[in-house]
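Student: I'd like to learn how to read a model like this one. Can we go through it together?

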Amino acid sequence: MTKYASATWTDETLIDLIRVKEDRAAFSELYNRYWEKIFLLAANALNSKEEAEECVQDIFCSLWNRRETLKLKYSLYTYLAVAVKYRVINILDSAFHKRKRTQNVDLVENEIYSPSAETLLLEKELFAKLENAIAQLPEKCRLVFKMSREDLKTHKEIAAELNISTKTVNNHLTKAIKDLGDKMSASSIAFILGGCIHRLF
């Protein structure tokens with residue numbers, strides 16, 4: 001257990017320590033907090049434990065390498081989950097090209113470590129659309145959605161905190177996904193929200 005394992009150390013505080021002081025203990029704590037969650041996302045998409053482990057290692061290496069300029073507009077989990085989506089796309093794309101060609105197998109592998117300008121632009125556009133769509137949700141629906149998506153709280157935890165039933169929590173989340181789906185394409189919703197949809201159903 002690291003010296004930052006206490007829940008009183010928020011992700012934002014740890015990120016500041018990493019960015020300003022290059023604090024490896026703070027980085028280790030974030031790694032321990034999110035490795036399993038991110039691994040499960042990658043493993044579900046790739047159906048390969050080895051590829052999923054490599055994918056997650058790449059993501060956290062990239063996080064450390066970008067520490068000096070790292071500023072998150074959304075939760076760290078959202079950042080990491082989206083990173084998984086990009087890595088998975090690149091890994092599957094690489095596998096596709098390997099099946100099609102026997103030469104130049106390393107053609108797309110570098111994309112795994114460094115998203116292209118087009119990919120970064122897509123991320124920015126998708127997050128802007130998502131932020132706008134979430135802002136338009138009814139107040140209670142938006143609150144429940146953020147507690148589930150950003151705070152990673154279970155239905156039971158949300159129900160207890162807001163003094164509502166778990167069925168009501170589920171209803172709010174179902175409405176949130178439906179409303180977001182009405183404003184964004186299905187592929188965009190699945191791409192960004194991955195983990196939330198899995199927890200909802």
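Student: Is Cys-55 buried or exposed?

Tutor: Cys-55 counts as buried, at 1% relative accessibility. Buried means under 20% relative accessible area and exposed over 50%, with partly exposed in between (1.4 Å probe, protein chains only). Cys-141 is buried too, with a relative accessible area of 1%.

Tutor: Keep in mind that this is a predicted model: local features need pLDDT of at least 70, side-chain atom pairs count only at pLDDT 80 or more, and totals for chains, interfaces and linings use all residues. Residues are numbered from 1 along each chain as its sequence is written, and side-chain values use heavy atoms, leaving out hydrogens and water.

Student: How many disulfides does the structure hold?

Tutor: A disulfide is a covalent bond between the sulfur atoms of two cysteines. Here the count is zero, taking a pair of cysteine sulfur atoms within 2.5 Å as the test.

Student: Which residues of helix H1 are buried?

Tutor: An α-helix has 3.6 residues a turn, so residues three or four places apart point the same way. In H1 (residues 11–21), the buried ones are Asp-11, Leu-14, Ile-15, Leu-17 and Ile-18. They cover an arc of only 155° around the axis, which puts them on the same side of H1; the arc is that of the directions from the helix axis to the C-beta atoms. Glu-12, Val-20 and Lys-21 are exposed on the other side. Helices are DSSP runs (H or I, at least four residues), numbered from the N terminus.

Student: And what is Leu-80 in contact with?

Tutor: With contact meaning heavy atoms within 4.5 Å, Leu-80 touches Tyr-34, Ile-38, Ile-59 and Phe-60, leaving aside its neighbours within four places in sequence.

Methods:
Helices (H or I, at least four residues) and strands (E, at least two) are DSSP runs, numbered from the N terminus.
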